[in-house]
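Please read the following briefing alongside the sequence and the model.

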Amino acid sequence: MEASPVKDQIRIKIANGPEAGFTPSGFIRHIGQIPDSSKLTGSGTGIVEIDLEGTSNLPEKFLESFLPPQEDFLTDPLRSFAKVICGIILGIFDFARMDEEEIRDTIQPVMPNTSSFMVLCRGMLLKISNPDEIMEAVKEYTAVSPYLVIPSAVLAHNEHLQQKTLRELDRTLDPATGINLASLENIHSRLKAVINSQYLSDNFQYQSEQTIIRVGNLQRGILNIREKIANRLEELSEHIATKREKKSNLSDAFINAFLSLIAMVQLNSFLTGFFQVRIGLFLFLAELLLACFVFFAVRIKKR
């Protein structure tokens, strides 16, 4: 049941749109004017807001059930209502089989009170309220409260940014790629700037928004990804330092060998003139051999 293909059957109809409606991805392409050739990747995140205004007092009792002391957590028919909420949060259709322990694990409210609470689970942000003044003000323009959309978008942005960065770091540090020093330095500088400048933090002043960010960071593992990126950037820095040292050692060895060759050429001229003998070719070969010896000796010493 958790692999139900119901999402493939969803159609969204709009005025002056196709009679059959849009698939979710087709609807996004339509409103965003995105070419069909562009690849869309699901963010794995979503928002559900439930307004309980005008319903029975059952949902209100449900909200109160999550306030301390929770001695009598859920009784019928509150348990049935809780299972439906779990199904929405987890995106599963066999929610009726869930027991109370699973309900407790799934529904862990953020800032619960008698009128509302939020739940963050994986990529899902759910808010239940009774009623929601913000939604009353914006319901003609948006289906979800902006106080949910904006922090959720920030979480999705940070998660996507970091996953993309981590994938590039993994590719860069793969020994099979064989990336040269200049490219490694460029990648390190660029990715470090991306994480420092494009990662969004400390953008909110309201406690509810700050709580969504704090809990969302933990739920979605964003802080863990950030730590992995820091470790991989440090690993890349060490890799660059090693390559720089090898390049410097090669340059030092070449310079020493070249200087030795110059010295031998001068000695060749002196000996040829002193002994009045044509031994230039022999001495030149000896000079080349000595220069090679100096080159490898310096290289070994540097290592």
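Is S116 buried or exposed? S116 counts as buried, with 16% relative accessibility, where buried means under 20% relative accessible area, exposed over 50% and partly exposed in between, for a 1.4 Å probe and protein chains only.

This is a predicted model, in which local features need pLDDT of at least 70 and side-chain atom pairs count only at pLDDT 80 or more, while totals for chains, interfaces and linings use all residues. Residues are numbered from 1 along each chain as its sequence is written, and side-chain values use heavy atoms, with hydrogens and water left out.

- S116 belongs to strand β2, residues 116-121, strands being DSSP runs of E with at least two residues and helices runs of H or I with at least four, numbered from the N terminus.
- Apart from neighbours within four places in sequence, S116 is in contact (heavy atoms within 4.5 Å) with L63, M111, K127, I128 and S129.

**Surroundings of F204**
- F204 sits in the loop between α7 and α8 (207-219), and F204 is buried at a relative accessible area of 17%.
- Neighbours within four places aside, F204 is in contact with I150, P151, V154, E209, Q210 and I213.
- Between F204 and P151 there are 8.2 Å from C-alpha to C-alpha, although the two are 53 residues apart in sequence.

**Helices α6 and α7**
- The axes of α6 (residues 146-173) and α7 (residues 181-198) come within 11 Å and cross at roughly 165 degrees, the axes being lines fitted to C-alpha atoms over the stretch in contact, with angles from 0 to 180 degrees between N-to-C directions.
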